[in-house]
Amino acid sequence: MADKNPKDAVPELPENLRSLFWDCEFTSLRLSEHRNFVIRRILDRGDWDAITWLRRTLGDAVIRDWFLVKRGGGLDPRKLRFWGLIVVVPNADVDEWVRKARSSTWPGRVAR
């Protein structure tokens, strides 16, 4: 029997995450193929069950690496601070991402 591809070992998204991906074809999402998108969406909008699933499935080291590679992943300052503490991202990195997020044009815009 041939060895399994490591991607095959990654579980599919559980049904309780469907509401987080309301704007996608949920049944087509694969953690192995859409990892960055899934991580960001769960960290940004996920409830306790979604976050628990993500941390149990990928582990905090993978989430920390995602933050470092994605330079904060575009999350808002409050979430950056929270996740920086949870997955132990260096404060200097989080401070830089928070500064960048706060200086962005979009957060301060108000519809007129």
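Okay, one term before we start: when I say two residues are in contact, I mean they have heavy atoms within 4.5 Å. And keep in mind that this is a predicted model.

So, helix 1. Its buried residues are V38, I39, R41, I42, L43 and D44. What do they pack against? Three elements: helix 2 (48-58), helix 3 (60-70) and helix 4 (77-86).

Let me stop at D44, which sits in helix 1, residues 35-45. Is D44 buried or exposed? Buried means under 20% relative accessible area, and D44 comes in at 18%, so it counts as buried. Leaving out residues up to four places away in sequence, D44 touches L75 and K79.

Now the core. The largest nonpolar core has 27 residues, and the ones with the most contacts inside it are L13, L17, F21, I42, L43, L54 and F67. Helix 1, helix 2, helix 3, helix 4 and helix 5 (91-103) each give two or more residues to this core. Which helix gives the largest share? That's helix 2, with five residues. As for F67, its contacts beyond four places in sequence include L43, L75, W83 and W97.

On to the charges. Side chains of opposite charge can pair when their charged atoms come close. Searching the whole structure turns up ten salt bridges. One of them joins R30 and E12, with the closest N and O atoms 3.5 Å apart. Both of those residues are in the segment before helix 1, and they are 18 residues apart. R30 is partly exposed at 29% relative accessible area, and E12 is partly exposed too, at 40%.

Then there's R55 with D60, a side-chain salt bridge at 2.6 Å, N to O. R55 has 31% relative accessibility, which makes it partly exposed, and D60, at 22%, is partly exposed as well.

R81 and D95 also meet in a salt bridge, 2.6 Å from N to O. R81 is in helix 4 and D95 in helix 5, so this pair ties together parts 14 residues apart in sequence. Both ends are partly exposed: R81 has a relative accessible area of 35%, D95 one of 30%. And here D44 comes back: salt bridges with shared partners join R40, D44, R45, D76 and K79 into one network.

Last stop, the surface. F82, L85 and I86 make a nonpolar patch there, with about 300 Å² of accessible area together. I86 belongs to helix 4 and, at 30% relative accessibility, counts as partly exposed.

Definitions and conventions:
Residues are numbered from 1 along each chain as its sequence is written. This is a predicted model: local features need pLDDT of at least 70, side-chain atom pairs count only at pLDDT 80 or more; totals for chains, interfaces and linings use all residues. Side-chain values use heavy atoms; hydrogens and water are left out. Helices (H or I, at least four residues) and strands (E, at least two) are DSSP runs, numbered from the N terminus. Buried means under 20% relative accessible area, exposed over 50%, partly exposed in between (1.4 Å probe, protein chains only). Patches are made of residues with over 30% relative accessible area and no salt bridge: like charges are joined within 9 Å, nonpolar side chains (Val, Leu, Ile, Met, Phe, Trp, Tyr) within 5 Å. Accessible areas come from the Shrake-Rupley method with a 1.4 Å probe; for residues, only the protein chains shown count as cover. A salt bridge is a side-chain nitrogen of Lys or Arg within 4 Å of a carboxyl oxygen of Asp or Glu. A nonpolar core is a set of buried Ala, Val, Leu, Ile, Met, Phe, Trp, Tyr and Cys residues joined through side-chain atoms within 4.5 Å.
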